[in-house]
Amino acid sequence: MMVAVSEQPIPQPTVQPTAQPIVLDRVSRWYGNVVAVNDISFGVGAGITGLLGPNGAGKSTLLHMLAGLLRPSAGQVLIDGRTAWRDPTIYRRIGLVPEREAVHAFLTGRQFVELAAHLQRLAQPAVAAAAALDTVDLAPAANRPVGTYSKGMRQRIKIAAALVHDPSILLLDEPFNGMDPRQRLHMMDLLRTMAGEGRTILFSSHILEEVERLADGILVIHAGRLAASGDYREIRRLMTDRPHTFRVRSSDDRRLAGAFMAEPAVFGTELSDDRLTIRVSEFSGFTRSVARVARDAGVRLLEVAPTDDSLESVFAYLVSRR
Amino acid sequence: MTNLRPMAAIAIVTARALLGRRRTILMLLLAGAPILLGLLIRLSGRGARPANLEPTLEGLLVSTILPLIALVFGTAALGSELDDGTAVHILTKPIPRWVIVVPKLAVAGGLTAAMLIVSTVLAGVLLGGTASHEIAITIAFAVAIAIGSFVYVAIFLALGVATSRGLVIGLGYALLWEGLLAGALPGTQLLSVREYVRGIISTLAPPGTLTSVVGAQGFVAALVAVVVITALASYRLAVYEVRASE
């Protein structure tokens, strides 16, 4: 997957519609004078991609354009090479789980999913609906009106309806909202399985832990622009203007701290509570030198772990620098 | 043929949405008002009054109740779903937009027509009696009102797609245009559903019942209006954009 940390004023390169099922090519969307999405280009291939951004960043606008529910003010959105806007045939390939909870409350769960199957013109709507209900673990409640469902159940019934036609692309807007931990784990397993089968899954979430656990790659949207895309650990490596922090345990932390202070890439060391923290300017340089420095100092390394390459750290950096 | 199953599914959901709500009870009460009036007149011991039949059916049903019931069902059939977000589950399916609009028009128009046919026939019998002349007038009104139901519903359904204020704008249209302006100015009758309904009545009813500018052309005008407005609503739905949530 592409890895990039883009700078705001630099025009983004045009993405060629290749094998990536989802392609945005210099897409902008504005409402009057308000720019919601600003000149964004990216491609998303098979696997799970997390769409991250603060509230108001433009995530839902982006997902709505991908789902053909909003017209781009500029640029084009392609789904499997077809323009998403005004082409209902894309919905044979797409399954959309919108953020809004609204469903027809008077329908039972089964009727709601069967409605989706009928509208997809599936040969056996009842069979397809039953399979989708099983997939999201809602078969026992399938004959209850959706209006009686909990928030998490509504979320799952929307996912069942989105899956009923076995789409190759799944767009999910905050899919884990309202789910309890067990349901989240079940849904994550399901999405991983679907991604393993070659599907393209793009989901937005404001819960970084979910994205970190699930996504193969991320798209970070901030103030309507693409702040970064790719594997977040790779993105972290590219943040060269921000020191990397490592936690080190060794047979002699104090001596090791002194030894590291002689290394040019080391900004500083901190020894507290039997824990040595080292801040360095370059990730890979440090990982290459750490064993040598310890050996030369006659210290045995017990643990070396980066402490700030979490998605939360990357996200905070990307959002705060703008 | 491939569109029949999606259309049937949409029709069923639309019917349940419209019938399962309090608005249906209110609409039944509204449609029942002419029947209640006829009953009151009968109970007062005055018997059928054929002279009152035509003005009552026209003033109460054609001019007031028909556009109001059509307004409520027409805007609720699709506009409400667009407003509350449930329409997204239908819009994100590989079906042409007219496949969504037509069954909704059929159900909302059919429901409006069904209520008003019953109301017209019962009120007509109670008010005008069962003499053949009065029955002919009543049937003419019932047929014309049924056709008018679909024209009005098409207009209000299209309004519901075009704007989230479809109910208010539709009410303004019904009161101002259909109620006041159309007919007051020369030529405006040609763009008035009420006048199409009057034209159909004047064609079907015994001579001398009503005079109309459009006459039998009311049938054609109503048909053209339904087709054109349905096409416009389908186009509008094809370019429908969800409102920004962030």
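Q: What makes helix α9 of chain A a helix that lies across strands?
A: In this predicted model, helix α9 (residues 283-297) of chain A lies across β12, β14 and β15 of chain A and runs at about 170° to β15(A). Contact means heavy atoms within 4.5 Å, while angles run from 0 to 180 degrees between N-to-C directions, with axes fitted to C-alpha atoms, for helices over the stretch in contact. Helices (H or I, at least four residues) and strands (E, at least two) are DSSP runs, numbered from the N terminus.

Q: Which strands of the open sheet are called edge strands, and why?
A: The open sheet of 4 strands has the order β13-β14-β12-β15 (chain A), with antiparallel pairing. Its edge strands are β13 (266-272) and β15 (301-306) of chain A, because each pairs on one side only, where pairing requires that DSSP finds at least two bridges between two strands.

Q: Why is strand β3 of chain A described as largely enclosed?
A: Buried means under 20% relative accessible area, exposed over 50% and partly exposed in between (1.4 Å probe, protein chains only). In strand β3 (residues 34-44) of chain A, 8 of the 11 residues are buried, so the strand is largely enclosed by the rest of the structure.

Residues are numbered from 1 along each chain as its sequence is written, and chains are lettered from A and ligands numbered from 1 in the order in which they are written. Local features of this predicted model need pLDDT of at least 70, side-chain atom pairs count only at pLDDT 80 or more, and totals for chains, interfaces and linings use all residues, while side-chain values use heavy atoms, leaving out hydrogens and water.

Q: What do β2(A) and β3(A) form?
A: They form a hairpin with 2 residues between them, and A:Gly32 in the turn has a positive phi of about 60°. Strand β2 (residues 22-31) of chain A pairs with β3(A) in the antiparallel sense over 7 bridges.
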